[in-house]
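Biologist: I'd like to learn how to read a few features off a model. Could you take me through some?

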Amino acid sequence: MSDQNSAPVDLIVIGAGMAGMAAALLAVNRGLTVAQVGSSAEIIFASGLLDLLGVHPIATGRIWRDPWAAVDALRRDLPRHPYARLSKADIQGAFTEFCAFLADAGLPYWIDPGRNSPVLTSLGTFKLTYALPASMQPGVAARAAGRRCLIVAIKGLKGFSAPQMAASLAASWPHLRAATVAFPGAQGGEVYPEKMARAMELPAAIEDLAAAIRPHLDGAEVVGLPSILGVGGCRAVAAALSTALERPVFEIPSIPPSVPGLRLKEACEQHLPRKGVRLFLEQRVTEVQPLGDGGFALQVAGRPGFQTRLTCRSLLMATGRFLGAGLRAERGRIRETLLDLPVFQPQDRRQWHRRDFLDSRGHPVNQAGIATDRHFRPLATTGRPAFRQLFAAGAILAHQDWMRMKCGSGLALATALGAVRACRRALAGTLD
């Protein structure tokens, strides 16, 4: 069965991870007609924290509290890094626009301007990040003020031990204590974050959990819990539990798949269509055909036997690296899976990885990807743009190791802005 849809759009975004979602938003905000194809399932593996830049250079592992000073240093040291093609105002603007969208979707984020904030993790460590869910901010403030804090674990929840966290932080946060309670209605055994988060959107569950926590408060000024305070209604759940306990509560990110990642996924899936984006989620592009007028025709496959044909004036690849299937590692080379574009990569497979898995310099394969011009157009073997109206953004870009540099979300948001802006100029005929 096929659904022939010949009405062209200005832009099709391939990919539904962070870069794809940001690109669709930024494009529709600029008046482009947009369709988006891809799987958004990987977003639930995100922590929910939006990193800008935390580590540079990788080899020394220098950690930066000021991400903008880090960007300055990176732009000097790594002129081929995607950040070097964007101004700091561009990067800041991408964060501001995306966070405003999330706030409108009921998922507010908090930023300490000019600084990375230390977020308490379920391992009892602190992770520096730039933008964090507002539900985690009271924990940052409590730690900075040295307030008396109770960390509450849930019986049966894996990967979150309040006693371990209290022991790990005994020296740096002396007024931090731990307690473990049963989740209301749990019958014993393992419990799951998403189920608890959805249950917490019922007023009775909020009051029952508050009743379980109250006997452990003992003067605590603030209470930390795993990220289970609702999915779509997290702001209201956090406020209601704070009221019930008569003190602020905050969330602590837990191991993936995470509820904060699920919130990002649902916010984008529910609110991008309201802005006009045509979503083809959990579908994949099986063929891309360049058209004579500079546009593209795509075959999109959904459930077995069902196909859609989409046409567009320009195309943006946000297909990710190996996990997202934008790149594939074959025996002799790394291949771009959609158009077989040239991939920047080590010449020899023996050079893909260093001998020591934990080598502080990282592995060369982690910087493989698509090389682009300054307008984020993928390059052909000639060194010129492969197509005039083809763009790329996010993890698929070469010359960056977002995981070690702690810049994944910033890379996605900022390069999406750069690519969308260039796309708009290309469609207007003003791109050189």
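Predicted model: local features only at pLDDT ≥ 70, side-chain atom pairs only at ≥ 80, totals over all residues.

Biologist: Let's begin with helices. How do α2 and α3 sit relative to each other, and at what angle do they cross?

Modeller: The idea is to compare the directions of the two axes. Here α2 (residues 67-77) and α3 (residues 88-104) have axes that come within 11 Å and cross at roughly 135 degrees. Trp-68, Val-71 and Asp-72 of α2 meet Lys-88, Ile-91 and Gln-92 of α3. By class, that contact splits into 3 nonpolar, 1 polar and 2 charged residues.

Biologist: And which way does α1 pack on α3, at what angle?

Modeller: Helix α1 (residues 18-29) and α3 pack at about 90 degrees, and their axes are 11 Å apart. Angles of 65 to 115 degrees count as roughly perpendicular, so that is the label for α1 and α3. On the α1 side you'll find Met-18, Ala-22, Leu-25, Leu-26 and Asn-29, and on the α3 side Glu-97, Phe-98 and Phe-101. This contact has 6 nonpolar, 1 polar and 1 charged residues.

Biologist: Now a single residue. Is Ser-135 buried or exposed?

Modeller: You judge that by relative accessible area, and under 20% counts as buried. Ser-135 has 13%, so Ser-135 is buried. Look for Ser-135 in the loop between β7 (131-133) and α4 (137-145).

Biologist: What does the side chain of Ser-135 make a polar contact with?

Modeller: The side chain of Glu-251, at 2.7 Å. Leaving aside neighbours within four places in sequence, Ser-135 also touches Val-249, Phe-250 and Arg-263.

Biologist: Where does Asp-340 fall, and what is its phi?

Modeller: Asp-340 has a positive phi, near 55 degrees, and sits in the loop between β17 (334-336) and β18 (390-392). At 41% relative accessible area, Asp-340 is partly exposed. His-399 also has a positive phi, near 70 degrees, but is buried at 12%.

Terms used
Residues numbered from 1 in each chain as written. Heavy atoms only, no water. Helix = DSSP H or I, 4+ residues; strand = E, 2+ residues; numbered from the N terminus. Buried < 20%, exposed > 50% of the residue type's maximum accessible area, 1.4 Å probe, protein only. Polar contact = N/O pair within 3.5 Å; in protein donor to acceptor, adjacent residues only side chain to side chain. Contact = heavy atoms within 4.5 Å. Axes fitted to C-alpha atoms, helices over the stretch in contact; angles between N-to-C directions. Nonpolar A, V, L, I, M, F, W, Y, C, P; charged D, E, K, R; others polar. Parallel < 35°, antiparallel > 145°, perpendicular 65-115°, else oblique.
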